[in-house]
Amino acid sequence: MKISTSLNYQRSLNNIQEAQSQVSKTREQVATGKVIVRPSDDPTKVATIENLDRAIAKTDTYSGLINDLKQQYELEETVLTSASDILIRLKELAIQAANDTLSLQDRRIIGLEVSGLKKELLNIANTQDVTGNTIFAGGNTGLQPFTTLTDGSVSYQGDARQIQVSVSDTRVL
């Protein structure tokens, strides 16, 4: 078989064009800083990258939800600690008021302090988070859970529903 000169020229031309195409592709990769510039460069890697991007976005969402829950729990802990301190003070006042040596005026002063502590405890029980939702209303976060009735008693307006937040594919808090 005879190899013609035109065949050699054609092969050489094809090799030069292929090399120029590779140089152009390499320049484009260097300019963009990406190995895969177009989805057609490597479809399987592009699919893997898209899956990883979705996983990262999901993880970022879960991370944000966890941070929100952490802030919520910290607020609840602070409020409950304050309520506990008030209840301890109320116990102290009850023990003090049970003393027979106190005068009627002393008991009235204790009663005023108890009344103030009750109002403070009610305010704590109606605490709202940064979004304006009450933290002890169960699922009815848009309303004030504890109200004082005309007879002085306190009524609970919330419900027993729990607010659950997914913090991973398998965990709900």
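A search of the whole structure finds four salt bridges, each a side-chain nitrogen of Lys or Arg within 4 Å of a carboxyl oxygen of Asp or Glu. Before we visit them, a word on the model: it is predicted, so local features need pLDDT of at least 70 and side-chain atom pairs count only at pLDDT 80 or more, while totals for chains, interfaces and linings use all residues. Residues are numbered from 1 along each chain as its sequence is written, and side-chain values use heavy atoms, with hydrogens and water left out.

Let us start with R89. This residue forms a salt bridge with E92, and the closest N and O atoms are 3.3 Å apart. R89 and E92 both lie in helix α2, three residues apart, or about one turn of the helix; helices (H or I, at least four residues) and strands (E, at least two) are DSSP runs, numbered from the N terminus. R89 also forms a salt bridge with E113, where the closest N and O atoms are 2.8 Å apart. This second pair links distant parts of the chain, since R89 sits in helix α2 and E113 in helix α3, 24 residues apart. Together, R89, E92 and E113 are linked in a network of salt bridges.

E92, with a relative accessible area of 40%, is partly exposed, and E113 counts as partly exposed at 31%. For these terms, buried means under 20% relative accessible area, exposed over 50%, and partly exposed in between, using a 1.4 Å probe and protein chains only. Elsewhere in the chain, the side chains of R161 and D159 meet in a salt bridge of 2.8 Å, N to O.

Now to the helix pair itself. The axes of α2 and α3 come within 10 Å and cross at roughly 165 degrees; axes are lines fitted to C-alpha atoms, for helices over the stretch in contact, and angles run from 0 to 180 degrees between N-to-C directions. That makes α2 roughly antiparallel to α3, a label for angles over 145 degrees, with under 35 counting as roughly parallel, 65 to 115 as roughly perpendicular and the rest as oblique. On the α2 side, the residues making the contact (heavy atoms within 4.5 Å) include S82, L87, R89 and L90. On the α3 side, they include R107, E113, V114 and E120.

What makes up the largest nonpolar core? The answer is V79, A83, I86, L93, L102, I110, L117, I124 and I135, nine residues in all. Such a core is a set of buried Ala, Val, Leu, Ile, Met, Phe, Trp, Tyr and Cys residues joined through side-chain atoms within 4.5 Å. Both α2 (43-97) and α3 (104-125) supply at least two residues of this core, and α2 gives the most, with four. Leaving out residues up to four places away in sequence, L102 touches Q96, A97, R107 and I110.

N126 lies in the loop between α3 and β1 (146-148) and is buried, with a relative accessible area of 10%. Apart from its neighbours within four places in sequence, N126 is in contact with T134, Q144, P145 and F146. P39 lies in the loop between α1 (5-32) and α2 and is exposed, with a relative accessible area of 55%.
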